[in-house]
Amino acid sequence: MSLVLHVDGDRWRAHLRHVAEERPGLVPVVKGNGYGFGNGRLARRTAWLAGLGPGGDTLAVGTYAEIDDVATRFDGDIVVLAPWRPWAGGGSEHSADPRVIHTVGRLGDLAALSDAPGRPRVVLERLTSMKRHGLTARGLREAVAEAHGVRLEGVSIHLPLDRGDNLAEAEELMTDVVAAGLGERDERAATVWVSHLRADDLAALAAQYPDFTFRPRIGTELWLGDRGALRVTARVLDAHPVERGEQFGYRGRVLPRTGTLLVVSGGTAHGIGLEAPTGEGSVRARAVTLARGGLDALGLARSPFTVAGKPRYFAEPPHMQASMLFLPSGAEVPAVGDEVDVRVRFTTTTFDAVEIS
Ligand SMILES: *Cc1c(COP(=O)(O)O)cnc(C)c1O
């Protein structure tokens with residue numbers, strides 16, 4: 001066991017602070033596996049950010065099921081990004097919770113929430129080019145006109161990952177927001193919750209629409225934006241010399257090479273090996289590989305583990321909590337207990353421990 005996320009605490013906290021200062025009104029997104037850190041830890045970190053002043057009075061979770069993990073560690077408002085639906089979050093203990101802000105993207109759901117007890121807090125979602133959830137321009141106008149039994153907290157705009165034209169799309173959608181009359185209601189309603197807008201685009205939008213408050217929702221760029229502050233390691237658990245043709249592994253596999261089987265911590269339960277091996281896809285690349293007689297020509301897949309300075313191949317598919325790597329003879333064999341670096345996708349990795357210095 002032991003796949004560990006090491007965090008350079010000073011550097012990470014400085015980055016969080018920088019993002020918060022650069023994006024006034026920041027709403028940290030705390031969802032899924034907590035971007036590798038865990039949602040509870042990120043909720044506490046959001047409370048810390050709020051204490052510093054620049055942002056973090058509100059955080060966003062992905063689903064209703066995630067509320068409990070953050071609610072006790074952070075005392076501000078909680079936006080649920082998944083749209084409210086009658087079967088998810090609706091009518092439940094959360095509908096009139098004064099800390100919870102619901103996202104609504106269908107007129108029928110708005111009507112249902114309006115009939116719920118109390119005055120649920122509601123953000124109306126406008127459909128974007130993402131075409132995931134939300135109201136059309138006309139639907140938004142109708143929703144604003146009909147939003148009586150709820151407290152309107154603004155409009156949500158979820159843009160795709162920025163390809164350079166998100167500001168243009170945001171400006172276009174703002175026309176609908178203005179036309180829907182949101183700016184004419186109370187100050188709270190004149191709030192626009194946006195994602196995937198760069199700091200300069202956000203500033204441009206805020207300057208163009210001074211009567212609106214913009215709340216940038218950020219996850220990846222906040223928590224994972226300074227990769228240099230993060231390092232992931234596994235441990236060498238065992239090393240066994242293996243002769244060419246000698247059987248090993250769950251499937252009695254053999255390799256026409258002599259080398260070392262290196263057993264390291266980290267397997268499918270951690271999310272290791274779920275990504276397709278990179279490269280060597282084209283026919284030409286494959287031909288070059290075959291000519292070189294590389295390990296991928298033997299059908300081995302590249303692993304995310306780096307040993308003795310090089311990315312290494314899986315000797316066989318990763319196990320649940322450990323992986324077997326193949327080190328060709330001549331490669332320096334690390335000692336049992338040594339740490340090796342691992343490249344991971346943070347949003348799909350479950351770490352055994354997160355160590356923040
Ligand atoms: C996940 C999510 C975000 C945050 O996305 P990142 O790319 O991690 O910053 C923002 N808004 C919505 C609606 C989301 O679902």
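Residues are in contact here when heavy atoms lie within 4.5 Å of each other.

**View 1. Overview of the predicted model.** This is a predicted model, in which local features need pLDDT of at least 70 and side-chain atom pairs count only at pLDDT 80 or more, while totals for chains, interfaces and linings use all residues. Residues are numbered from 1 along each chain as its sequence is written, and side-chain values use heavy atoms, with hydrogens and water left out. Among contacts between residues at least 6 apart in sequence, 66% join residues at least 24 apart. The protein has nine helices and 16 strands (DSSP runs of H or I with at least four residues, and of E with at least two, numbered from the N terminus). Of its 357 residues, 49% are buried, that is, under 20% relative accessible area with a 1.4 Å probe and protein chains only.

**View 2. The buried side of helix H4 (residues 107–114).** Asp109, Leu110, Leu113 and Ser114 are the residues buried in this helix.

**View 3. The largest pocket, lined by 35 residues.** A pocket is an open set of points on a 1 Å grid over the protein atoms alone, where a 1.4 Å probe fits, with protein on both sides within 12 Å along at least five of seven lines; lining residues have an atom within 4 Å of a point. Lys31, Tyr35, His158, His196 and Thr220 lie nearest the centre of the largest pocket. Because domain 1 (8–223) and domain 2 (228–356) both give residues to the lining, the pocket lies between them; the domain bounds come from an automatic or database assignment.

Technical notes: Buried < 20%, exposed > 50% of the residue type's maximum accessible area, 1.4 Å probe, protein only.
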